[in-house]
Amino acid sequence: FGSSRGGPLQGVGLGSPWHRPPPPAESADGRGPWLECARALAVPGRGPNRQAGSSQCAFSVGIGGHDLAPPLQVSPSSPEAGEAAVLHPWPTCGAQQGLPNPRVDERGGPAPMPNKSCVLTAGGCLHLLVGARVVAATTCVLVLVDDAACSEGARAAPWTAVLEATWANERTYLVSFTSPPMPFSGAPGGTNGSAAVRLHLHSGTEGLQPRWRRGLDMWSRLSRMLQSSNSSSDVYALKSCEWFLHIDVKSYVNLPRLGARLDCLRGTEPSYYALAPAASGSGAVLADESGGYVLGRRLLRALDAPRLAAACEGRLLGGGGADGAGWGRRPGFYVGLCAWWLLGLRPQRLGDEVREVLLPQGIAAGAASPPVLRTGYARLRALGQFAHCVLVVACHSPAALRGVYRVVSGSWEGPRRAGCPMTGLASPEAASPPWSRRVVRALTECPLRLALRWDGPAESFGRFAAELRVPSRPGGTAARRLRHGPRRRLCVIVGASRASELQVQRTEAAVATWLAPYLPDHHAAQAEPSVIGLLYSRRPLKQHRDWTLSLRGDLDLHHPKFSAHRFLYLWAALATHHAADCDFFLKADPDSYVNIPLVTRTLAGFNASASLYLGTVTTVSSLVFGSGHEQHEEGWECFNHGLGYILSRGALRSAAETLRTCVDYFARHYLESEEDMTVGACLHAAGIQPRSLGPAAHDFDGDVSAVLAERPSPLLVHPVSPWHMRRLHAALQAAAAPE
């Protein structure tokens with residue numbers, strides 16, 4: 001996907017690895033563009049945010065829009081211009097926003113952010129704190145807002161107003177052309193509170209150019225601005241953009257997700273991408289601004305866009321109506337056509353048209369009826385809990401654009417919010433045009449790399465990936481205790497997390513109550529050799545280290561729902577190395593109360609050699625997507641609820657190979673997945689179906705007396721707060737005590 005015909009791209013090179021910052025030469029002080037961006041925001045009089053002491057540049061780790069670490073805030077160290085910016089931790093940011101100061105417990109690590117409103121990106125400076133490194137990922141959006149540039153004779157003003165009120169940010173440039181000439185000009189949008197910037201460009205000395213030339217003119221003028229010595233704040237802001245997205249005024253852009261995706265592609269060359277590319281019979285891959293296309297800053301500077309535009313104009317006009325393409329297409333179409341004709345450049349695919357880039361789609365209505373056009377808005381609503389995963393949605397009216405914004409923003413933190421799968425990358429050749437291998441590799445590895453840098457910064461990605469494919473033998477005190485002595489009837493494993501103080505408190509409550517008698521060498525341990533209890537965490541809580549199974553392939557995403565990877569890997573490691581150490585393995589959440597004596601009596605009626613998957617059977621509906629086109633239908637999936645379920649040693653042996661395959665697949669293509677449904681799907685692939693173990697109280701509201709009155713008694717109670725855990729344990733112990 002490089003330049004097949006030579007030209008300016010010959011000197012661009014392949015760039016650096018995905019995680020390496022841009023060359024220091026691009027920064028004014030040699031310390032990297034991210035710090036320069038921070039200074040521009042923090043120092044009065046520079047950058048889009050010009051109020052002294054008011055700039056806030058958020059630094060946080062995010063996967064799929066969920067922050068994994070407390071952000072930092074940039075503020076000036078003195079009111080004088082030129083002073084270096086300093087970084088303040090979350091409490092400062094939170095205090096300035098009127099938010100409570102989250103406690104950082106030495107046992108549990110940082111608490112999650114209490115309010116998303118503190119994640120600010122003043123001046124469009126978006127950063128990810130990955131371990132100890134900060135990587136800038138600034139995406140600028142270009143929207144042609146002249147009436148002449150709009151398709152189908154639409155007026156730009158109504159669309160622009162909605163765009164500014166919804167998805168646009170301070171790095172969204174509303175581009176228009178002026179005649180007679182005027183200097184480069186950037187002005188705040190300002191009409192309805194938007195941070196979007198109005199960028200006025202001169203179209204030439206002969207008056208306004210025809211619509212088809214607007215895209216070429218825009219890139220030509222922008223290229224000159226990037227190479228000019230102009231030091232105004234507006235030009236300075238444009239020069240800090242790493243990516244330039246050209247999008248239609250009628251399209252919605254999910255900027256957080258798109259910015260995160262582009263950040264995963266840092267260093268890949270040539271940096272030319274299309275979200276909804278179309279292959280032509282001549283071998284060209286073309287796109288326009290309806291789905292959007294992206295140019296990297298380095299590529300744009302290397303292209304010599306003014307000369308390219310001049311050469312392309314002659315080719316287009318001399319070809320008899322753009323070589324048959326006509327003049328009625330969007331301006332961006334002719335940009336892609338010229339890049340292919342003159343440089344042999346084809347954009348690499350950046351999005352999936354089934355779930356991520358939703359353009360109007362014709363649906364067959366019958367043999368005698370014309371196709372029915374399904375709008376992007378209608379396609380979005382059909383995605384349900386996956387709506388927040390979209391990158392771009394083409395809209396048919398300003399009202400639809402508002403509706404798309406409400407659906408996407410409303411589903412972002414909704415109760416049914418699902419993770420965003422990248423399953424299309426598993427079969428890159430199925431798309432037309434296909435995904436580039438380099439893009440597939442970068443996108444599939446990126447979420448895992450980010451999570452690894454947060455939870456296991458000392459581990460190399462290569463060793464970690466190999467560990468997922470073939471789990472190594474667990475080490476440490478807990479693993480030795482699991483292997484020691486004769487086979488046990490039941491091994492209880494409670495997943496522990498340091499994602500928040502609440503998670504730590506839940507673990508502490510379980511350890512202090514129902515789990516205590518089965519922890520090795522615990523002061524409350526009972527002489528019950530047939531049952532052993534353990535915690536499970538990559539980074540054990542200090543006081544529970546000897547009871548914690550710490551595995552190399554464990555990865556805590558610090559998210560309350562997306563824990564499938566942790567437990568898929570746990571089951572794969574147990575199946576590989578510990579299947580013979582226990583008859584049954586029980587996994588429980590830390591906010592579940594498990595009646596172990598009752599569970600062991602219930603298991604007496606089951607054969608551990610059989611492939612058993614026992615728990616609280618749950619059935620949910622699911623969408624089944626076809627490949628290459630959007631056909632989906634309702635399906636039904638059965639699994640055992642993640643609050644607590646059991647696998648027999650026979651099940652682990654039968655599913656060992658499938659579990660190892662699942663670990664690697666979901667880590668690369670669906671890291672944001674929920675444990676219970678994902679484990680159930682993998683076991684189903686191994687031919688193991690869920691079965692009911694017995695009654696469970698899965699909607700506990702704090703009424704201890706109701707639990708005591710249930711008949712038959714529940715094997716498990718969920719969800720139980722740390723305080724109620726102790727009350728419930730005391731009540732059940734008192735009820736079980738002899739008169």
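Here is a quick tour, from the overall picture down to single strands and cysteine pairs.

Keep in mind that this is a predicted model. The protein has 739 residues, and 57% of them are buried. Its secondary structure comes to 21 helices and 32 strands. If you count contacts with a separation of 6 or more, 71% are between residues 24 or more positions apart.

Now for the inside. The largest nonpolar core has 106 residues, and Trp167 and Trp571 have the most contacts inside it. At least three residues of this core come from domain 1 (141-182 + 193-357), and at least three from domain 2 (441-696). Another core, of 46 residues, lies apart from it and includes Leu142, Leu201, Phe244 and Leu299. What does Trp167 touch, leaving aside its neighbours within four places in sequence? Its contacts include Val141, Val143, Ile247, Tyr252, Leu401 and Tyr405.

E11 runs parallel to strand E7 (residues 139-144), with four bridges joining the two. Within that pairing, Val141 has Leu245 as its bridge partner. E11 also pairs with strand E16 (residues 293-296), this time in the antiparallel sense and again over four bridges. There, Phe244 stands opposite Leu295.

Elsewhere, three strands make an open sheet in the order E12-E21-E18, with mixed pairing. The edges are strand E12 (251-253) and strand E18 (357-358), each of which pairs on one side only. E18 is parallel to strand E21 (residues 392-394) and joined to it by two bridges. In that pair, Val357 stands opposite Val392.

Next come the cysteines. A search of the whole structure finds six disulfides, and the table covers some of them.

| Disulfide | S to S distance | Torsion about the S-S bond |
|---|---|---|
| Cys140 and Cys241 | 1.8 Å | about -70° |
| Cys312 and Cys338 | 1.2 Å | -60° |
| Cys389 and Cys420 | 2.1 Å | -95° |

With its torsion of about -70°, the link of Cys140 and Cys241 is left-handed. Cys140 lies in strand E7, while Cys241 is in the loop between helix H5 (233-239) and E11, 101 residues apart. Is Cys140 buried or exposed? Cys140 has a relative accessibility of 0%, so it counts as buried. Cys241 is also buried, with a relative accessible area of 0%.

The link of Cys312 and Cys338 is left-handed as well. Cys312 is in helix H8 (residues 305-318) and Cys338 is in helix H9 (residues 331-343), 26 residues apart. Both of these cysteines are buried.

Cys389 and Cys420 also form a left-handed link. Cys389 sits in the loop between helix H10 (376-382) and E21, and Cys420 in the loop between helix H11 (398-411) and helix H12 (437-455). Cys389 is buried at 6% relative accessible area, and Cys420 counts as buried at 9%.

One last stop is Leu557, in the loop between strand E24 (548-549) and helix H16 (564-577). This leucine is buried, with a relative accessible area of 6%. Leu557 and Pro447 are 110 residues apart in sequence, while their C-alpha atoms are 10.0 Å apart in space.

How values were computed
Residues are numbered from 1 along each chain as its sequence is written. This is a predicted model: local features need pLDDT of at least 70, side-chain atom pairs count only at pLDDT 80 or more; totals for chains, interfaces and linings use all residues. Side-chain values use heavy atoms; hydrogens and water are left out. Two strands pair if DSSP finds at least two bridges between them. Buried means under 20% relative accessible area, exposed over 50%, partly exposed in between (1.4 Å probe, protein chains only). Contact means heavy atoms within 4.5 Å. A nonpolar core is a set of buried Ala, Val, Leu, Ile, Met, Phe, Trp, Tyr and Cys residues joined through side-chain atoms within 4.5 Å. Domain bounds come from an automatic or database domain assignment. A disulfide is a pair of cysteine sulfur atoms within 2.5 Å.
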